[in-house]
Amino acid sequence: MSDVKQEAATVAPTVAVMDQLPDASIQGQSPLFHADLATVAKNGPKTGGVTFKEEALMGQITLRLNAENAEQLKAAEKALGVALPTQPLTSVVKGEVSVRWMSPDEWLIVVPGLKAFEVESALHAELSGHYQVVNISGGWTIFKLSGANVVDVLKKSTIVDVHPSVFPVGKVVSTTFAKSSAIIRRSGESEFELVVRRSFSDYLWLWIQDASREFGLVVEA
Amino acid sequence: MSQKNRLQSGGRIDRSKPLTFTYNGKQFEGFAGDTLASALLANGVDIIGRSFKYSRPRGIVAAGAEEPNAVMQLGATEATQVPNVRATQQELFSGLVSGSTNGWPSVDNDIMGLLGKVGGKMMPPGFYYKTFMYPATMWETYEKVIRKAAGLGRSPNEYDPDTYDKVNQHADLVVVGAGPAGLIAALTAARGGARVIIADEQNEFGGSLLSSKESVDGKAAGAWVAGVVKELEANENVIVLPRSTVNGYHDHNFLTIHQRMTDHIADRAPNGQVRQRYHRVRSKWVVLATGAHERPLVFGNNDVPGCMVANAVSTYINRYGVVPGNELVLMTTNDNAYRTAIDWHDAGRKVQAIVDTRKNPTGALVEAARERGITVMTGSAVIDVQGSKRVTGVSVAPISEDGSKVTGSVKKLSADTVASSGGWSPVIHLSCHTGSKPVWNEDVLGFLPGKTVQKQLTAGAINGTFNTAGALEEGKKAGLEALSKLGLSAVEVEVPATTEVKESKAMALFHVPHTKPTSQAPKQFVDYQNDVTAAGIELACREGFESIEHVKRYTAMGFGTDQGKLGNINGMAVAAKVLNQTIPQTGTTIFRPNYTPITFGAIAGRDCGALFDPERYSAMHKWHLENGAKFEDVGQWKRPWYFPKAGESMQEALNRECLATRESIGILDASTLGKIDIQGKDAREFLGRVYSNAWAKLPVGKCRYGLMLKEDGMVFDDGVTSCLAENHFLMTTTSGGAATVLNWLEFYHQTEWPELEVYFTSVTDHWATMTISGPNSRKLLEELIDGDVDVSKDSFKFMDWKPMSVAGVPARVFRISFTGELSFEINVQANYGLHVWEKLFEHGAKYDLTPYGTETMHILRAEKGFIIAGQDTDGSVHPYDLGMGWAVSMNKPFSFIGKRGMQREDCVRAERKQMVGIKTIDPNVVLPEGAQAVFDPTASIPMPMVGHISSSYWSACLGRSVALGFVKGGLDKMGEKVYYPLVDGRIVEAEICSPIFLDPKGERQNV
Amino acid sequence: MFYIYCPYCGEHREEEEFHNHGQAHIERPADPDSCTDEEWGNYMFFRKSPKGLHHEIWDHVAGCRKFFNVTRDTVTYEIKEVYKMGEQPKVVAE
């Protein structure tokens, strides 16, 4: 028994991992909590060219590793249940897990909020060598934009080309959005997902309302 | 009022839709399809403004973007005022309110007119330089008078009620201009599958075909145009932009397009619609099919209303059904302009004569004119015109074959309209925007686009191809070439049949000779808008300005909103003649963006009002709003500045917040601090290289303050970094420096030390951070900790951190202090920040937990002598200047960033400005930040300045002012006097002291 | 307004996404402490400003956050090539 204890002590964790969520009795407040989107959705128009929804309280994890290290790629795949996309600007979705290529050595993983710690722990359990796993769930939120005029709103907002010939379903880019930034992924023909920073989310929500006014904006809760 | 110049039939206007509009307070009527200019001409309005320098009456001379005179002020209300709109480009709508821009106080009778001659003398060429450069103090006065008199338009004094926006476009091909060349180029590219944008400044596509009687493809030109437009509009890969001016062509095929979406409908955009849109376009290829502008000839009094460009007269007749006069004299150097006399004649009005500068013109159009019985005077020119508010007659004289002099006697003809044509100038403005130098072409008698690095093709009149058949051929060729460059396959496009007209050779004439020398002849205008005459250009050349760029600046030729559309070539020809050189030798000036004026609304787009700049909020922002916080901008963050209670002044609120914190407990939302998660086995080594102090031995569970320097040794950021685990650190930065610091770390990692195994990820937004500070803070924390965590003095020491659960939420708590008090910085996942914050208030009420903002934070830290990077540092102070040598470890094995820089000669000299505390002798005086220090208050001005105040506050805790400031050699001058002469004349006496005003031993935080 | 090819993202992006970090190929001296003031001053302050080909560092700051090199003609603003950190330019001034 004492040997086992000894063993545990010598492999003191080289990184600090903490489950950051309280128990279910405490409700988290997403970055757009103050906007009371449920009421807006209830009272607002039901048809329009653009539909907005905040995918609130999702789990977001940044993963950094060496994409040329096959062992690390394998370990990440084992932890996530899906292989990391190594083609620039691509993403993969499998079940509840979606992974976005951010940079040659960086991926953004999105999972349901309550799964974040589990996935984070799994990554730590599988990975070895030089890597970084950071839970950033509190720092970001996800906007879903869809509808017939979604491309028109995006063209007012971002400088990247969103034409389907160069921005097919599944493509993901980090870029500017209005005077802030966003990680934009095309999740469907007329559906885009924006991962945005918490502190800018109110500005971006205002911007999207303004830019979609001429098309009519439907808010979904 | 009757439309006395309106024809009974013909044109593209709709006579069944009359529209009333106002011009200079009077009501007029026009028709749907009119421009403001055509409607004014239909009503016989001759004078639409007064000229810039000489205040001469001016009329409409052109029919498009090149119009120099009819620059209008529009707007029915104060809020909808728009200056600098060309009447020739403004479509008429019912209720349009317009006024002339120039002409003060009225266009018909004005004071400047009476002073006209004086005005002229006052403003010779070079007038900007001669008059305004000296004396400088008079500039403002002159500027007011001249601006008012010259009338450059005015902006509204009220908020614009309309919405504008910007759209980012990406295309395979942008076609600029929808005349025959542009249309067929776009059609070809579109059929080949390219993503095409075609833009034209006019309301209708068709370009020259709109005012032409030609047939295309065996039908009226308009019918062919309509067919092409229909096909383009039906193609989902084509964006068709009418009323859209391509205003700028920038690097790497980036174009800006100004689209006027509702300006033709009403004074204000109908509800919900966007008034103007600014397209920012990145295109793989560009076809410039921008056409050409006809050049007027330069002759005496050629600015009298009634003098027009020949093709403009045809446009008014053929497109708008308006004949702008009764008796026409046409002066031309070419066959093409004969069409104008024919159109005039066919409209049933009198053509007095065609005055052809050539000896023996023979083309088909010449014959057609003669067949109609029109008098053609060859080898002659209109040397000047009579009349002041309208042409009343012309002087015609024979001229030499080279056009250099008058060779015979002068004959007078009666006329109210003089149309002139000196040939056509290709519209090369856009091709010049990217720096391409245009090239003179002797056959075209104009400049053509020169060599370019842009992916640019050209077609039609811009190449000097002035006939429709040629333009169509070139347009198709450009479309096919674009397809090939884009890697798309060629397609079949049939070039429609047109009728060929044989033309005889044109004559190169720009400046018509007079019997008198240019300097004594009646004024011969080159640039109407800037009132530049041939004599003015001659004078400039004689005064030694030989470079055309200098002539331009000296005379103002081609300045401003005009950009030399009508006048530039003529001006160069005049200069060339004086300088006795050819036009290519003289060269041309470069046209700049924008091609025509663009509104500020379109430039601002949606980035105004609440969306002017992003506002960043912390997770507790809602609470701050509900609790009456006043906010301060820190970068883009809105941070609580202070929390006034009802009736409290700012100073009262600060006093209360400071005392509450020092006596019981205060709380600060510190979420805006930059936070960077750093992991990797070399993280420690990396920290040692980017911070000035040592990190090798910082144990897990400990925090350390560090200064970050630039290579020159100067402080640029600071913060506390904590060791979370052996290879895991959390770095904090200043709120404003977060992005810069992360970028700095990445820069060094990626470009200098890629071998170090370390990763950086921003977690600024992820953690909500709240700092409780004050003697009761431990008690409050203990109440909220779940489970068994010891936060007592000995087991949770100063500069320790521990994970614990606060108010039910997992937290990392750092025992660090920026106030000098016992402090705990609680970090929780931001989605739970407000919950924890509110719980702290629930439990903190009994300790009178007091929220404070950035101002109290500043006061509390200044009492302790803690610096704020960016306030007490300005990029010129190193750690020793700050008295912070304790934060530098010179013995680290790696030469950290800033170490070598700090050892430069200038950094180690004596008498550097050093940061010290400043105590005013009168404790009630709070020095203004920025106040300059002197040692000798009796020294004569300029007094030798020896430093300045960087931070200064009233300290309620100490009952006196406290200040931090820089003083030459200050660290060795403790107790010595220093003086601050202020702008109000006071000289404040102060004493140099330690920057630590409160609790120098640090006992308050060690409890 | 440049249109810059990011060698990591593998496509062209607008200039707004990038940040220029000045002249490329300036190596931090291996042993700063033994540099003379002049050597250190040259490293810190002296930069080329050629008319023509220039090698610069750019950072895809709004995108993948990677630094890379650009060879740009300062007269025409043409970008002649981009290449990753640690690589050498192929297009160089005569």
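**Entry 1: chains A and C**

I looked up the contact between two chains of this predicted model. Chain A and chain C bury about 1100 Å² between them, and 51% of it lies on carbon and sulfur atoms. Buried area is the accessible area (1.4 Å probe) that two parts lose on being put together, summed over both. I noted that interface size is often given in this way, as accessible area lost when the parts come together. In chain A, the residues losing the most area to chain C are L89(A), I159(A) and S174(A). Together they make up 37% of what that side buries.

Next I looked up the residues in contact (heavy atoms within 4.5 Å). Chain A gives 16 residues and chain C gives 12 residues.

**Entry 2: charges and polar pairs**

How many salt bridges cross the interface of chain A and chain C? The rule finds three. It asks for a side-chain nitrogen of Lys or Arg within 4 Å of a carboxyl oxygen of Asp or Glu. I checked E106(A), which forms a salt bridge with R65(C); their closest N and O atoms are 3.2 Å apart.

I also looked up polar contacts between chain A and chain C: seven residue pairs, both residues at pLDDT 80 or more. Such a contact is a pair of N or O atoms within 3.5 Å; within protein, one must be able to donate a hydrogen and the other to accept it, and residues adjacent in sequence count only if both atoms are side-chain atoms.

Then I turned to strands (DSSP runs of E, at least two residues, numbered from the N terminus). On the side of chain A that touches chain C, β4 (97-103) and β8 (172-177) each supply at least two residues. The largest share, four residues, comes from β8(A).

**Entry 3: a sheet in chain B**

I found an open sheet of five strands in chain B, in the order β35-β36-β37-β34-β38, with antiparallel pairing. Two strands pair if DSSP finds at least two bridges between them. β35 (703-709) and β38 (759-762) of chain B stand at the edges with a single partner strand each, so one side of each has no neighbour in the sheet.

Which strand is joined to β36 (residues 715-725) of chain B by four bridges? I found β37 (residues 728-733) of chain B, running antiparallel. C723(B) has F729(B) in β37(B) as its bridge partner.

**Entry 4: conventions**

Residues are numbered from 1 along each chain as its sequence is written, and chains are lettered from A in the order in which they are written. Local features need pLDDT of at least 70, and side-chain atom pairs count only at pLDDT 80 or more, while side-chain values use heavy atoms, leaving out hydrogens and water.
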